[in-house]
Amino acid sequence: MEAGPKTVVPVDVTATGSGKLAQPHVRLTGKCDRYVLSNGVEIPCLGFGTYMVPNDERGERAICCALETGFRHIDTAAQYGNEDLLGRVIAESGIPRGELFLTSKLRNVDQGYESALKAFEKTCRDLGTDYLDLYLIHWPKVGGFEDAWRERVWDSWRAFEELYAAGRVRAIGVSNFLVHHLAVLLERASVVPHVNQIELNPTYQQRETVTWCRERGIQLEAWAPLGRGKVARDQHVVEMAERLGKDVGQICVRWALQHGFVTMPKSMREERIRSNSEVFDFELSDEDMTALDALNTTDNYTFHPDRLEEWAVRVAAAHAESGV
């Protein structure tokens, strides 16, 4: 394998948008380079995802490695069951709170006005902080409440807007919301979500939702940026990685960044945590981006927010295929 280029010209990323909500040019030169949300809050372009990071010594080592590697954007959720672990590791790290960008998400069972406010306080206690940088509604629909999802989302968002107005959260948003979910939310919202975190990778690009969000100044965040190993089986992508002296995971992360997505690759393996951050010493050409864009499908999703009957089977498959 030939070595890839050692120096590159930083790529300017400009996501299309409307008027003052359009994203500024972003120079992709390091993991703590920042996109600017519609409210002016800066968010690091690359983060460490903690989905499936266990609340034990293995999880502690993974989080410590991420912090030691230089990650300062950490993405968690109450549903992950590791907020208290993350809080302890951060406290022991000695890293000032102001240097960190912490994201968490509201559990499905805690949707609703009063329950969302209580859940937020528990998340803050577990993380050892009195504020969050970003708080997201984790999913639009909840099993057992399919017919009431609109009211639950509206009530949760009212709580989010109060937390935002009080300065307890620097930015608020949603996760796994498609266009029709977002349209319902905006029927009663006073604050347009600053972020929508959705599954995005070369094999599942969700272009309708991406376009809709960009037109309204909503920053996209990409979860499962590596496609849970599916991209790695494409020979053309393997050959691209070999040509650039990178691995397929790094190609996928770079693809997301060059599309203007914040992304949070996850891993429990220290070598993978480090390699996922080594994506700023090369760039994908227009031809490379076009080739990766051509891998798009409409059905290669992990979990679909409207197809709750599939979840049990797909959760098991995702865990088995994750390669964490």
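Predicted model: local features only at pLDDT ≥ 70, side-chain atom pairs only at ≥ 80, totals over all residues.
Local features here need pLDDT of at least 70, side-chain atom pairs count only at pLDDT 80 or more, and totals for chains, interfaces and linings use all residues. Residues are numbered from 1 along each chain as its sequence is written, and side-chain values use heavy atoms, with hydrogens and water left out.

**Pockets**

Let's start with the open space. A pocket is an open set of points on a 1 Å grid over the protein atoms alone, with protein on both sides within 12 Å along at least five of seven lines; lining residues have an atom within 4 Å of a point. Grid points are joined across faces, edges and corners, and a volume is the space filled by probe spheres set on the points. Residue classes are nonpolar (Ala, Val, Leu, Ile, Met, Phe, Trp, Tyr, Cys and Pro), charged (Asp, Glu, Lys and Arg) and polar (the others, Gly among them).

| Pocket | Volume |
|---|---|
| Largest pocket | about 840 Å³ |
| Second largest pocket | about 240 Å³ |

The largest pocket has 37 lining residues, and Tyr51, Trp223, Ala224, Arg228 and Lys266 lie nearest its centre. By class, its lining holds 15 nonpolar, 16 polar and 6 charged residues. Helices are DSSP runs of H or I with at least four residues, strands are runs of E with at least two, and both are numbered from the N terminus. H11 gives the most to this lining, with 3 residues.

The second largest pocket is lined by residues including His180, Arg207, Glu208 and His304. Helix H6 supplies the largest share of that lining, 3 residues.

**Cavities and an aromatic pair**

A cavity is a set of grid points where a 1.4 Å probe fits but cannot get out. The count comes to 2 cavities of 30 Å³ or more, and the largest cavity has a volume of about 60 Å³. Among the residues lining the largest cavity are Trp139, Glu199, Trp223 and Phe303.

Rings of Phe, Tyr and Trp (its six-membered ring) pair if their centres lie within 6.5 Å, with planes under 30 degrees apart counted as stacked, over 60 as edge-to-face and the rest as tilted. There are 11 aromatic pairs. Trp139 and Phe303 form an edge-to-face pair, 6.3 Å centre to centre with 70° between the planes. Trp139 lies in the loop between S8 and H4 and Phe303 in the loop between H10 and H11, so the pair ties together parts that are 164 residues apart in sequence.

**A helix contact**

The axes of H8 (residues 248-258) and H10 (residues 286-293) come within 11 Å and cross at roughly 100°. Axes are lines fitted to C-alpha atoms, for helices over the stretch in contact, and angles run from 0 to 180 degrees between N-to-C directions.
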